[in-house]
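Let's work through a few exercises on reading a protein model together. Have the structure open, and try each task before you read its solution.

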Amino acid sequence: MAYTEEELKKELETKEYEYGFYTDIESDTFPPGLNEEVVIAISKKKEEPEWMTLWRLEAFKYWKEMEEPEWANVHYEKPDFQAISYYSAPNSKPKYDSLDDVDPELLDTFKRLGISVDEQKKLSGVAVDIVMDSVSVATSFKKTLAEKGIIFCSISEAIREHPELVKKYMGSVVPKRDNFYAALNSAVFSDGSFCYIPKGVRCPMELSTYFRINQAGTGQFERTLVIAEEGSYVSYLEGCTAPSRDENQLHAAVVELVAMDDAEIKYSTVQNWFPGNKEGKGGVFNFVTKRGLCEKNAKISWTQVETGSAVTWKYPSCILKGDNSIGEFYSIAVTNNFQQADTGTKMVHLGKNTRSTIISKGISAGKSQNSYRGLVQVHSRADNARNFSQCDSLLMGNECGAHTFPYIEAKNPTAMIEHEATTSKIGEDQIFYCNQRGINTEKAIALIVNGFSKEVLNKLPMEFAVEAQKLLEISLEGSVG
Amino acid sequence: MLKIRNLHASVEGKKILKGINLEVNAGEVHAIMGPNGSGKSTLASVIAGKEEFEVTQGSIEFEGEDIDEASPEERAHKGVFLSFQYPVEIPGVSVTNFMKTAINESRKAKGLEDMPAKEMLKLIREKSEMLDIDRKFLSRSLNEGFSGGEKKRNEIFQMAMLEPKLSILDETDSGLDIDALRIVANGVNKLRSDDKATILITHYQRLLEYIIPDFVHVIHDGKIVKSGGKELALELEDKGYDWLKQEAAV
């Protein structure tokens, strides 16, 4: 019998679960600082083969020579890279003994997002009773995938078990020296996911529910590699709607997608890292490099809902190398209070008849700054390349900012590039209209924002679309006084 | 049902209503007429609780309860409905979704559970059939790209869905051609009942040929200067507003 996502969901609702693929490492944390020894120690701690250690060291060498980029429309105090600890065991000890010890505000948010009590415990770091069945959920899930030849495991496991694939593809889309943060990640990445879909296989479930369970334990420097062989299909969701109160201030992840001929990868993200408090203190810096490579007739879709982090720097991109390949980017970025986001995409058209679509929805409230930055590049041999971009901004209040930085470089005269942009403000008249129909202001804003974001929300897998909607609501609470 | 006593209201320090007295009982239809800028629409907004208007004197009582301090949504929950002169657009929110939210928010305020989907669909079907509304219309974004007639019809549809006790129709006839006017008026007439009341705010007598009022009031310079039966509307049509202005000045 095929194991469907629906069944898995049911099972997860009724059963406790454990992290599926983390091996137990004794809880320990490296002292702050970064040098070659630290890089070697990380690699050793993870029992990596020598080629991986050398790979990391090479990345570290590049990183030392690089400078932190300053072109983004964000302002923050640069992190002191020598003051950060670059390794801590993923399964650290529970912070609390029971939910009663956890910040009630956080619990309230969990409840409103519809997160189960067990998951609440996991996410807020409360000790969970071990249930015997827990391993079986993960095992049966893995079994279904294995029957199809799909590999879905942690990147550490992949380095040990599937070195030929990792060697071939890691760094093939985002090279070690691609940029400052990518180089740093390449040197010190903690863990992440690896996914391989064999030729002609359609992954029977969203690789999402399972991943979400894992999310609570992922580290600061995540590394993800997804490979879809010829004619295969996979839909992947990372992240979690639950607020992540992470102690780590700096997050620098790298995600690489490889879509071979006729393959399709759908990659959806919901990011809700701690955005800092209402005064703008604290909060996560999120500097992410995400890129996908499309071979002939391949398609990559990025969908993202970004509501968290104090500073976001993120441009999920598509290299449309093969002829007739398709790249898509759908984004909702919400900033409130003192948050800053500089996010968008790059669509690089190399092959003939390549197409790309960009739909970006920026919502700014409070004193936040929200920027869309996008590059559409058509190379000389990319005949008949087409792009459509639409960037809409919604402003709430008088103190926030919305910015759009579109870059267009076309070197082929047959290219067709369209760019549309709108900026609107939630009006008092709209609010009063809703109020008059019995809808309070908070709910009215949620309704208007959800309407504004609908085109992108529709691209998310169903169950996450519902959660994402609630998340937008919560993120913008109290933003209109 | 509605008792307004000596109501004074101003916006940004400018006095607009200067002592309105009005009593509306269940089952009645009142028409409020008057020249542009006399305060008709302000009266509608003040009853609905729009915050930019400041009530400086007087009181509004609804169903025996003082509602001066109530928020617009609380008034809506009690059964006050305003059909807007210029309904706003909410892109990406379908008419159905908007109505679902409105109905469930009102139910929540009364301590009721959300209306079951099946019941909601039935209600939508009933009301849209009654008002001759194409179902496709209901999945469109609220008021976005609607013609003037569609916007007003949508207001009446919402009124039918929410089943308010008191409906205030603010210039519902403006911008409508004669066919659209007839459709909207038919809808309003179908919704008339003994336990509900309607206030029609209009500039022209035209609407009153289709919706026959029990009472007609004329507002001038923030006050009701004349009240009467439906004949008053005809008289106004004949003579214009000037004679009332002069009368008021005396």
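**Exercise 1: Two helices in chain A**

Helix 2 of chain A and helix 3 of chain A are roughly antiparallel to each other, a term for angles over 145 degrees. This is a predicted model, in which local features need pLDDT of at least 70, side-chain atom pairs count only at pLDDT 80 or more, and totals for chains, interfaces and linings use all residues. Residues are numbered from 1 along each chain as its sequence is written, chains are lettered from A and ligands numbered from 1 in the order written, and side-chain values use heavy atoms, without hydrogens and water.

Task: find the angle and the residues behind this pairing.

Step 1. Helices (H or I, at least four residues) and strands (E, at least two) are DSSP runs, numbered from the N terminus. Locate helix 2 at residues 36–45 and helix 3 at residues 50–65 of chain A.

Step 2. Their axes come within 9 Å and cross at roughly 150°. Axes are lines fitted to C-alpha atoms, for helices over the stretch in contact, and angles run from 0 to 180 degrees between N-to-C directions.

Step 3. Look for contacts (heavy atoms within 4.5 Å). Among the residues that meet are Val39(A) and Ile40(A) from helix 2 of chain A, and Leu57(A) and Phe60(A) from helix 3 of chain A.

**Exercise 2: A sheet in chain A**

Task: what is the strand order of the open sheet in chain A, and which strands are its edges?

Step 1. Seven strands line up as 4-7-9-12-14-16-18, with parallel pairing. Two strands pair if DSSP finds at least two bridges between them.

Step 2. Strand 4 (233–239) and strand 18 (416–425) of chain A are the edges, since each pairs on one side only.

Step 3. Zoom in on strand 14 (residues 355–364) and strand 16 (residues 386–395) of chain A, which 10 bridges join. One bridge partners Arg355(A) with Arg386(A).

Step 4. Helix 12 (residues 441–457) of chain A packs on this sheet, touching strands including strand 9 (299–306) and strand 12 (326–335).

**Exercise 3: How confident is the model?**

Step 1. Where pLDDT is low, the predicted coordinates should not be read in detail.

Note on methods
Angles under 35 degrees count as roughly parallel, over 145 as roughly antiparallel, 65 to 115 as roughly perpendicular and the rest as oblique.
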